[in-house]
Structure formats: structure tokens, C-alpha cells
Amino acid sequence: MIGLIDYNMGNLRSVTNAFEKLGVAIEIVKDAEAVSKFDKIILPGVGAFKDAMGCLKERNLDEAVRSFATSGKPLLGICLGMQLLFESSVEFGECAGLGLIEGEIVKFDTSRFDQRLKVPHMGWNQLHVKKETPLFKGMPESFYLYFVHSFHARCDDQYTIGTTTYGYDFPSAVQKKNVFGFQPHPEKSHANGLAILKNFVEL
């Protein structure tokens, strides 16, 4: 069973639709005590980091997700859900995250851009595979996914499984053991995104 965490800040319908296209049923879960019953969970997210952590804590889902991660079962964070996996974010002031992956979430540093680019980073861009992982099974070395974000992860290379260039290279896919995160939206990325989600199902 795959659980989709509902903490009032995720685009649940688009994720559910993507799995329906794969012929896979997923269950929306709001109850912290129910999280542990699932074989895999997905942490989606759209919005601000601090608000998201507040919503997770309000439902005790922060501790439920941490506990699930320590069980060794697969966990996938998408977009803001990926960012929440890290130790902290500077969005609207310093805020602690779930702390499942060492690193922080920072705003795009436009002073590093060698050309004028808009922030948020929005639209199709390439993810370049940096490390082999089950979620990249059958995928080419680079492929396009859909992005919408103003902040990105900054972490050690050991956790970076994919990078994307927008002004400079940043980690767009991460993994620490059974915990995976994607800054882009696989559920909005057509065939490439569905391939990633299918690989997650088959873990």
C-alpha cells in the first residue's frame, strides 16, 4: 500500500491522477497513527516551508514521517515535500525541517547567474543523473521534468543523485538510503515522471 500524506499543503489530485494512469491505487492519509501501516509513503507539497512544517506538526505527522523513514520503508518527497526532508530552510526566516537528510534549503542566488533569469524557476528543465538509483531504472542520463520553485536544496554530494542547471547547478534529486526527494514534479512531467513513479512503486 502507498500512502499520500495530506497536511493541507499538497496537490493531492495531480499525484493521485498520475498513479491512476499507472493502474496503482494510493490512499490519502491524514491520521498520524495510520502512517506506519503503509509499505511506501509520498510527501507532496506546494507553498511555504514554515507553513508546511506547522501543518505537519499540528497533525503530529512530522514525527510519523520521521518514524516511517527510520523503518527502512521507501519515502518519496516531491517539490516542497522534498525540501521538508532537510534540516532547515531560510524561507521567511530560519525554520527546522524533518532532518532526514543533512543540508538546508536556500533561495536561488541570482548574483551567481551569468544571465538574467526569472525566479521562480518555472517550466521544463533537464535533470542530469549523477548516481545510479532504483528510481532512475530505464531512464537516460538526462531527461526533462517540470519545475516550479524559488528555493532549492544545498547538501553534500553524497546525497545528490540528480542535478539541474538554472543559473548554476543545484541538487534536483536526492537520496539517503530509503528516503528519496525530487524538486521537480514527476506527477506533472508526462512519460518521464510516470517512469519515475513506476520505479518507486516497484521498489
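Author: A residue counts as buried when its relative accessible area is under 20%, as exposed when over 50%, and as partly exposed in between, with a 1.4 Å probe and protein chains only. By that cut-off Asn125 is buried, because its relative accessible area is 15%. The model is predicted, so local features need pLDDT of at least 70 and side-chain atom pairs count only at pLDDT 80 or more, while totals for chains, interfaces and linings use all residues. Residues are numbered from 1 along each chain as its sequence is written, and side-chain values use heavy atoms, with hydrogens and water left out.

Asn125 lies in strand S8 (residues 121–129); strands (E, at least two residues) and helices (H or I, at least four) are DSSP runs numbered from the N terminus. The side chain of Asn125 makes a polar contact of 3.2 Å with the side chain of His121. A polar contact is a pair of N or O atoms within 3.5 Å; within protein, one must be able to donate a hydrogen and the other to accept it, and residues adjacent in sequence count only if both atoms are side-chain atoms. A polar atom of the Asn125 side chain also lies 2.9 Å from the backbone oxygen of Thr165. Contact means heavy atoms within 4.5 Å. Leaving aside neighbours within four places in sequence, Asn125 is in contact with Phe143, Tyr144, Leu145, Phe147, Thr164, Thr165 and Tyr166.

As for the sheet, nine strands form an open, mixed arrangement in the order S2-S1-S3-S4-S13-S12-S11-S8-S9. Its edge strands, S2 (27–29) and S9 (142–149), each pair on one side only; two strands pair if DSSP finds at least two bridges between them.
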